[in-house]
Amino acid sequence: MRNHHLHSRLCAKHERHERHGLHGGHGHHEHSGMEGKTRMRRERLFDANDIRLLILHFLSGSTAHGYELIKSIEAIAKGEYVPSPGIIYPNLSLLEEMGLITPVESDSSKKAWMLTEEGHAELVLQQDPLAHIIAKLESLGVLGDNRRLPEIQRAIHNFKMALNTKLGQSDLPKETLYKIIDTLDQAAKDIERS
């Protein structure tokens, strides 16, 4: 019951923040090009509740600044996911309003936070969802490691070149298009089942 009550209060506060332009969940900043589209898709893998749990998790070990929290999350995902300041800082403010974290004195001019007793209690209640979020981040790291293998990069490059060369032809017969579609579908199935 207590957990449900806290979650409801957290969601209500978050909705108010989003209505006032403080985006806590999906990284509403813009990027150009393919890398930007990829990052925005990746940011949607984690909602505001996920980010708040990660913040509580890292603050349970020691105090931290917002930038240190960003780097801690990035480290688990091996650079494949980097939350933006526009995601981290509004959620820090929200967690502070909820009494789950509190600011602490810092050697630098940057604001640092630590978990409160209520924050520790909430984190204990959320261990299962937290484990799932961390597993998802670690999986992104594995994906990045495998994608960076030279053999994989070469194969993907060759695939893109062949596809773009063929699809760049203006007089491409429908039969050829259907064959390309079938080949792509079959390749996807083969990879899934391998």
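Leucine 167 is found in helix H8 (residues 150-167), in a model that is predicted. Helices here are DSSP runs of H or I with at least four residues, strands are runs of E with at least two, and both are numbered from the N terminus. Because its relative accessibility is 43%, leucine 167 counts as partly exposed. Buried stands for under 20% relative accessible area, exposed for over 50%, and partly exposed for what lies in between (1.4 Å probe, protein chains only).

**The chain as a whole**

The protein chain has nine helices and three strands. Along the sequence they follow the pattern α-α-α-β-α-α-β-β-α-α-α-α. Of its 194 residues, 32% count as buried. The accessible surface of the protein chain is about 12300 Å², and 55% of that belongs to carbon and sulfur atoms. Accessible areas come from the Shrake-Rupley method with a 1.4 Å probe, and for residues only the protein chains shown count as cover. Among contacts between residues at least 6 apart in sequence, 60% join residues at least 24 apart; a contact means heavy atoms within 4.5 Å.

Residues are numbered from 1 along each chain as its sequence is written. Local features need pLDDT of at least 70 and side-chain atom pairs count only at pLDDT 80 or more, while totals for chains, interfaces and linings use all residues, and side-chain values use heavy atoms, with hydrogens and water left out.

**Buried positions**

Leucine 94 lies in helix H5 (residues 85-97) and, with a relative accessibility of 1%, counts as buried.

Isoleucine 101 belongs to strand E2 (residues 101-104). It is buried because its relative accessibility is 2%. What does isoleucine 101 contact, leaving aside its neighbours within four places in sequence? The partners are Leu56, Leu59, Leu92, Leu95, Glu96, Trp113, Met114, Leu115 and Thr116. With tryptophan 113, twelve residues away in sequence, the C-alpha to C-alpha distance is 6.3 Å.

In helix H6 (residues 117-125), the buried residues include Gly119, Glu122 and Leu123. They sit on the same side of H6, because they cover an arc of only 100 degrees around the axis. The arc is taken from the directions from the helix axis to the C-beta atoms. Glu117 and Val124, on the other side of H6, are exposed.

**Salt bridges**

Side chains of opposite charge can pair when their charged atoms come close. The structure holds six salt bridges, each defined as a side-chain nitrogen of Lys or Arg within 4 Å of a carboxyl oxygen of Asp or Glu. Among them are the following.

| Pair | N to O distance |
|---|---|
| Glutamate 74 and lysine 71 | 2.7 Å |
| Lysine 78 and aspartate 145 | 2.8 Å |
| Arginine 147 and glutamate 80 | 3.2 Å |

Glutamate 74 and lysine 71 are three residues apart in helix H4 (residues 66-76), so about one helical turn separates them. An α-helix has 3.6 residues a turn, so residues three or four places apart point the same way. Lysine 71 counts as partly exposed, at 36% relative accessibility.

The side chains of lysine 78 and aspartate 145 also meet in a salt bridge. This pair links distant parts of the chain, with lysine 78 in the loop between H4 and H5 and aspartate 145 in helix H7 (residues 127-147), 67 residues apart. Both are partly exposed: lysine 78 has a relative accessible area of 47%, and aspartate 145 has a relative accessibility of 31%.

The salt bridge of arginine 147 with glutamate 80 joins helix H7 to the loop between H4 and H5, so it ties together parts that are 67 residues apart in sequence. Arginine 147 is partly exposed at 33% relative accessibility, whereas glutamate 80 is buried, with a relative accessible area of 9%. Through shared partners, salt bridges join Lys78, Glu80, Asp145, Arg147 and Arg148 into one network.
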